[in-house]
Amino acid sequence: MIERLLILTATTLLLWAGIASAETVDFRLSDNCPPSFEESAAGTCQLRTMYDFYDSVQGAGLGGTQTSLPPHRDGFSPQQIDLGRYLFFDPVLSRDATVSCASCHNPEQGFSDDLPRSRGIGDQEVARAAPTLWNTAFLNKFFWDAHATSLEEQVVGPLFASNEMGNSPEDLLATLSTIPAYQALFDQAYPQRKNGPIQLDEVYHSLAAFQTSLISLNSRYDRYAHGYHAALSAPEVEGLNIFRSFVARCAECHTPPLFTNQQVAVIGAPEPEGRPIDVGAQITYDAPELKAGFKVPTLRNIAQTAPYMHSGRFNNLREVVEFYNGGRGHAVPEGVDLQLHWHISSPDLTDYELDRLVDFLGTLTDESLKPEVPSQLPSGLAPVHDKPQANIVTTQKTSGDAS
Amino acid sequence: MNIGKILAVILILAAFAVGMVIGKGGQEEVAPAIVKSAGSGATYGAGFTAENNAFTLSGNSKSVAGPPMTDVVVVVQDGESIQQAVQDAEPGTTIQVMPGTYKETVYIDKDGIRLIGVILGGKRPVLDGEGELNDAILYSGNNIVVENFKITRYKGNGIMSQAGNNWEIRNNYIVDTGVYGIFPQLGQNGVVEHNVVSGIEDAAIYVGMSDNVHVAYNDVYDSVAGIEIENSRHAIVEANRVYNNTGGILAFITPGLPIKTTFDVIIRNNFVLSNNHDNFGAPGSTVAGIPAGTGILVMAADDVVIEGNIIKDNKNAGILVTDHSHAANVTIDPESDPNSDRVKILNNTMINNGYDPVTEIRAFMLTELKTGNPDIVSVGPTSDSCIVNRQQYITAGLADYGNCDFTNTASIGNYLLPPVPAREIKAEDRGKIAYLGICAGCHTYTGRMIGPPVQIIQALYMDNPQGIADYIVNPVKKRDDYPEMPPQDYLDEQTRLAVGEYMLGVKK
C-alpha cells in the first residue's frame with residue numbers, strides 16, 4: 001500500500017511538472033473526420049471504402065476479391081476520435097505513468113510491439129502478444145481468447161490489469177480530473193453533458209472511437225482485388241493462389257477482405273521453450289473442445305507485427321508458414337489432447353511455395369492512414385511508445401531507488 | 001382440393017377414429033398401408049414464389065450467369081495457356097478451350113468469363129495437375145461459367161470459388177483429384193449440373209456458405225461424401241446419382257464457420273445407392289466422422305425436405321438425422337443451433353438400408369426396442385419435424401415427428417434468381433467513395449501528407465475534372481519534394497471522372 005502511495009505521489013509530481021508546460025498549449029480537438037471518413041449531417045464520421053461497391057453472402061463480409069466488408073463500428077464524432085488519440089498516446093493512463101496504450105500498440109510496429117509477449121508497468125510480462133489494432137473497427141471479438149465482444153469492453157482489460165497498465169477505475173478518473181487540459185478536451189468531445197465531471201465511459205468510448213479510425217484497406221493486394229492486376233508481381237500472385245488454394249487453405253480462416261473469419265481455431269501452435277500450454281478460449285467458452293483455441297487474427301499489415309502467434313513463438317513469417325506445413329499436430333506436446341481445426345492438415349508445400357506465401361503476405365501492408373502522434377500530450381508527459389520498454393523501466397527504477 | 005387428397009384425409013381421420021394411433025406422430029400405427037401419393041397431397045411452399053425463379057435455358061439446364069456480356073470469343077489451342085487467355089481477356093469474354101492437355105492452374109479474378117471446353121469426337125480439354133499442382137480452376141469473379149472440362153490429378157480442388165455470384169459449373173468430368181471436386185464457396189445463385197465426379201477424399205460436390213444453389217443431374221461416386229450442402233440456404237439437390245461414397249447426400253452445419261446456418265434445403269428425386277465406401281477422409285475433417293453406409297445425412301440443418309429419392313443398399317441407414325452433440329469429429333459453436341429442426345421426410349423409395357449399422361445406431365434401436373434394419377434414424381432433439389407414410393419404414397427416434405401436412409414440393413421449380421446484379425452505386429457516390437477510400441490516404445484538404453493538398457489540386461484543375469481523371473491513370477512526377485503518385489488505372493473511366501468531380505468539390 002505504501003509503495004502504491006509512493007507511486008501515486010510520484011505520478012502527481014510528474015503531472016504537476018508537466019501541467020506547467022502543458023498550460024501554454026491550447027489543446028483543441030480536430031473538427032474534421034479522419035481520412036477515409038465522411039462527416040454525416042449529424043456530425044459523425046462514416047467510413048467509406050472501395051469495398052462499399054460490393055456485396056457478400058448474408059452480409060457477413062467474407063469471400064474473395066470483390067466482397068463487402070463485415071459490419072463495422074463507426075459514427076463517432078471527430079472530436080471523440082481525436083480525444084481518443086490523445087488518451088491512446090498518453091502514459092498518464094497507467095498507474096505509474098510509464099506505459100501508454102501505444103507502448104504495446106505502437107503505430108511504428110503495426111500497432112503491436114516487437115516482443116513475443118508484451119510488457120506492462122514495472123517490466124512485468126503479459127501472458128500473450130499484443131495484437132495489431134489495424135481494422136479493429138470490423139471485429140466482433142477481442143483478445144486472443146475472444147473474451148470481449150466490444151471495443152469498450154476490451155479497453156478495460158489492459159487499463160486495469162495489474163501487469164499491463166495497472167490502473168484502477170478510481171485512480172484513473174482521479175488522475176484525469178486533475179488535468180485541466182483533459183477536462184477541456186472531454187467537454188469538447190462530449191458537449192451534451194455540459195461540462196460535467198469526466199466519466200469512465202467517456203474514456204472507454206473515446207479510446208474505442210480512435211481505434212475504429214485505424215483503417216488499412218489500401219494495400220497493393222487491395223488494388224489487385226479491385227481489378228488492377230499489375231499491382232502484384234508474378235511471384236506475389238503465385239503466393240495469392242497458394243494462399244487460397246485448397247492445399248494450403250489459408251484463406252479458409254484468413255478470409256478476404258479482412259483476412260480473418262473472426263472465429264476461434266485450435267491450430268496447435270507451440271509455446272515458446274519452457275512455457276506451459278495456454279488453454280486460450282477453453283476458459284472463455286468453458287469448452288474443452290476449444291482448449292488452446294485462439295481467435296483467428298487479421299493478416300493485414302502482418303509483415304509489420306513480428307514476432308508471431310499468441311505467445312510470440314515465431315520470429316518471422318517464414319517460420320509461421322513452415323509451422324502450418326509441418327503436419328497436423330506436429331507441435332502439440334506429448335500427452336496433450338487437442339481437437340485440432342479441420343483445416344489444419346499436412347499440405348506438404350514446397351520451399352518455393354512457402355517463399356511465395358511470404359511474398360504474398362507482404363502485399364497486405366498499408367499504413368497510409370496511420371494517425372499523427374500528438375507532439376504534446378494534455379498530461380504534459382512525453383509520449384513513451386518510441387522508447388524501448390526496458391529503458392523506461394530502468395529510468396523509473398533509478399528514480400525510485402533515489403527516493 | 002382434389003379427390004385424392006380428400007380420400008387421404010378421410011382415411012387418416014378414420015385411423016385416428018378407431019384409436020389405432022399411439023404416440024404423438026403415430027409411429028406405432030398398424031393400420032393398413034395408407035400411402036399418401038406425392039401427386040395428390042398438398043404442396044410445400046417454403047415461402048418462395050415462382051416469379052423469383054430463373055428462366056430455364058434449354059431442356060432442364062438452368063442459367064444464372066445470363067447471356068454473355070460481350071460477343072468476344074477467344075480460342076485456346078492445345079499447347080497454349082488457358083491462364084494467359086484469362087489474363088488477356090476483358091470481362092465478358094468467352095474462352096473456348098480446344099481438346100488437349102493443359103497442365104496449369106487457372107484463376108479468374110474478373111467478371112463474366114465463360115470458360116467453355118470444346119468436345120470433339122469425344123475428346124475434351126484435360127486439365128492435368130500431375131499430382132503436383134494445387135487447384136485446377138479457382139475463381140472469385142461474378143457470372144463465371146465453367147463447362148466441358150476433364151480435370152484430374154490435382155492436389156487441392158477441381159473447381160473452387162471464393163465469392164462470386166451467378167456461377168454455372170456444368171458437364172465437367174472430374175476424377176481422382178484432391179479434396180473437393182467442385183467447391184463453390186461464399187457466393188449466391190449458382191448451378192452445378194451434369195458433372196461426373198469421383199475419387200475425391202472429402203466431398204465430390206461441396207456447396208459451402210452459399211445461397212440459392214441448384215445441384216442437379218450429377219453423377220458422383222467413389223468419394224467420401226457425395227454431395228454436401230454446408231452452412232448454406234435455399235438449395236435444391238435433385239436428380240443426382242450418388243453411389244459408392246461413404247455418405248451420399250449431406251445437409252449440415254459445420255460449427256466454427258463464420259456463417260452459422262443451414263436451412264431450406266430440398267433433397268429430391270436422387271438415386272442414393274450403396275454408399276458403403278470405407279471412409280478415407282482426412283483425419284479431423286468433418287466427413288471423417290461419417291459412418292460408412294449413410295445414404296442421406298442431416299446434421300443441425302433446418303427445414304430440410306427429403307422427397308422422392310430412391311435410397312437403396314446403404315448399410316448404416318437410409319436417412320440419418322442428427323444434432324451436433326451426437327456427431328463425431330465436430331467442435332462446438334455457441335453461435336450455431338446444434339439441432340436439426342423442421343426436417344420433412346416425404347415419400348421416398350427405400351430398399352435394403354441399414355443392414356449393417358454402426359454400434360451406436362444398433363444400441364439406439366435397442367433403447368426403443370426396435371429390431372430390423374433401420375431405414376430412418378433420428379438422433380438428438382428436433383422440433384416440428386414430420387414424415388409422410390412412416391409406416392413404410394423401420395425407424396428409430398421419430399417419436400417426436402408429426403405427420404407432414406403436405407406431400408410434395410411440386411410448386412418449387414428451383415431457388416435460383418435472375419443474375420444477381422452488382423450493387424448499384426450512383427456516379428456521385430462512386431466518386432465520393434473512391435476519393436475517401438483511396439485519395440484520402442495521401443491527400444488532405446489543406447495539410448501536407450504523402451501527396452499535395454487538395455486545395456492546390458483544385459486550384460490547378462478548377463473546371464477540369466477530366467484532367468484529374470486523365471492524370472491519375474498515368475501520373476507523372478511533378479514535384480521534387482513529393483513521391484510520384486502510383487497509377488490508379490484499376491478504376492474504370494466512369495469512376496475516374498467521378499472522383500475528379502468529387503475532388504474539385506471537396507470543401508474541408
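Reader: Which helices do the buried residues of α7(A) pack against?
Author: This is a predicted model, where local features need pLDDT of at least 70, side-chain atom pairs count only at pLDDT 80 or more, and totals for chains, interfaces and linings use all residues. Residues are numbered from 1 along each chain as its sequence is written, with chains lettered from A and ligands numbered from 1 in the order in which they are written. Helices (H or I, at least four residues) and strands (E, at least two) are DSSP runs, numbered from the N terminus. In chain A, the buried residues of α7(A) pack against α2 (78-89), α4 (151-160) and α6 (180-189).

Reader: How many residues of α7(A) are buried?
Author: A residue is buried if 20 or more other C-beta atoms, placed from the backbone, lie within 10 Å of its own. Among those that pass in α7(A) are Y204(A), L207(A) and F210(A). The helix is largely enclosed by the rest of the structure, because the buried ones number 10 of the 12.

Reader: Is E307(B) buried or exposed?
Author: E307(B) sits in strand β28 (residues 302-307) of chain B. Leaving aside neighbours within four places in sequence, its contacts (C-beta atoms, placed from the backbone, within 7 Å) include I266(B), R268(B) and N408(B). Because E307(B) has 24 C-beta neighbours inside 10 Å, it counts as buried.

Reader: How far apart in space are E307(B) and Y435(B)?
Author: Along the sequence, E307(B) and Y435(B) are 128 residues apart. In space, going C-alpha to C-alpha, the two are apart by 53 Å.

Key: Two residues are in contact if their C-beta atoms, placed from the backbone, lie within 7 Å.
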